[in-house]
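User: I am new to this structure and would like to learn how to read its features one at a time. Could you show me the general idea behind each feature and then the case here?

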Amino acid sequence: MLLANTLLSDMAALPLRGTLLNFATVMLGGIIGLLIGDRLPERIKQGVIIVIGIMTIVIGMSSALKTENALIPLLALVIGVVVGELLNIDGGINWLGDSLKRRVDKTGREQHFTAAFVVASLQFCVGPLTVLGSIQDGLTGDFRLLAIKAILDGFSAIIFASSFGRGVLFAGATVLIVQGGISLLAGLIKPLLISNPALALGMQPRVIELSAAGGTILIALALNILGIQSQSLWAERIKVANMLPALLIAPLLVALLNILHIPLDFGLGG
């Protein structure tokens, strides 16, 4: 008991402890997945991946349907895709995955390495828990949201790594960079997301619309997950990474409406 209390006390003194915990569960889950991967029949791997894809759709829909005006995430995603295509974000992430693959896969046998790195990175870093948990951890040291996310990501890492290999492990670095960056900049980010000081962070309209855009991106990611076993479908995969600018644009659109004193429903809500 004393040892457990000491560990918790030491954990509380660490900066970015939620992100570090999340990184640890992704790495542990990835290692476990690699160890059991060869022992699982291919049909079981495919079945589990389908379940993960379906649950990702459910999680994405739960966030997307909270929007107060579907036009806001829609417009954010349209603008975001244009920006993402111009910047070729998806190409850059895949180039990074291919570069890592050339360094660690000398035999060339891990055909899903890049796909695993890209899909796992997006799965672990797109969603309301990433933003809300990281800000909460950075401002107050409360990492409970990230602890929940860490458990979910750990199980996902087991499944992804058992099916797609070592690319999932490198997604742990993405967690460190994205969540760590949000936590470190939390003091600057939080005021930009607040329009009504009386509301909790998760109830802020800008956060809700950001989460709605993120939920829609998760649905697109789920379609890639469900098709990753099919080479023909994977060749026609959705370039999910090119949608990421929408996560910045959605709260900016809400902020613009606030400045112009236009209600989120454009005054059509009665």
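User: What pattern does the protein chain follow when it is read along the sequence?

Analyst: Helices (H or I, at least four residues) and strands (E, at least two) are DSSP runs, numbered from the N terminus. Here the protein chain reads α-α-α-α-α-α-α-α-α-α-α-α-α, with 13 helices and 0 strands. This is a predicted model, in which local features need pLDDT of at least 70 and side-chain atom pairs count only at pLDDT 80 or more, while totals for chains, interfaces and linings use all residues. Residues are numbered from 1 along each chain as its sequence is written, and side-chain values use heavy atoms, with hydrogens and water left out.

User: Why does S62 count as partly exposed?

Analyst: Buried means under 20% relative accessible area, exposed over 50%, and partly exposed in between (1.4 Å probe, protein chains only). S62 has a relative accessibility of 40%, and therefore counts as partly exposed. Its place is in helix α3, residues 42-64. From C-alpha to C-alpha, S62 lies 7.3 Å from G215 in space, although the two are 153 residues apart in sequence. For the protein chain of 270 residues, buried residues make up 47%.

User: At what angle do α11 and α13 pack?

Analyst: Axes are lines fitted to C-alpha atoms, for helices over the stretch in contact, and angles run from 0 to 180 degrees between N-to-C directions. For α11 and α13 (residues 246-259) the angle is about 150°, and the axes are 8 Å apart. Contact means heavy atoms within 4.5 Å, and among the residues that make this one are L210 and I217 of α11 and L247 and V254 of α13. In sorting residues by class, Ala, Val, Leu, Ile, Met, Phe, Trp, Tyr, Cys and Pro count as nonpolar, Asp, Glu, Lys and Arg as charged, and the others, Gly among them, as polar. The contact of α11 with α13 has 10 nonpolar, 2 polar and 2 charged residues.

User: What is the volume of the largest pocket, and which residues lie nearest its centre?

Analyst: On a 1 Å grid over the protein atoms alone, a cavity is a set of points where a 1.4 Å probe fits but cannot get out, whereas a pocket is an open set with protein on both sides within 12 Å along at least five of seven lines; lining residues have an atom within 4 Å of a point. Grid points are joined across faces, edges and corners, and a volume is the space filled by probe spheres set on the points. The largest pocket has a volume of about 920 Å³, and of its 33 lining residues V178, I182, L244, L247 and L248 lie nearest the centre. Helix α9 supplies the largest share of that lining, 7 residues, and the lining divides into 27 nonpolar, 5 polar and 1 charged.

User: How much space lies in the second largest pocket?

Analyst: The second largest pocket holds about 620 Å³, and the closest to its centre among its 28 lining residues are I59, P128, L129, L152 and L218. Its lining takes the most from α8, with 7 residues, and by class it has 16 nonpolar, 9 polar and 3 charged residues.

User: How many cavities of 30 Å³ or more are found in the whole structure?

Analyst: The search finds 1 cavity of that kind, and about 40 Å³ of space lies in the largest cavity. It is lined by 10 residues, with V118, L122, N224, R237 and V240 the closest to its centre.
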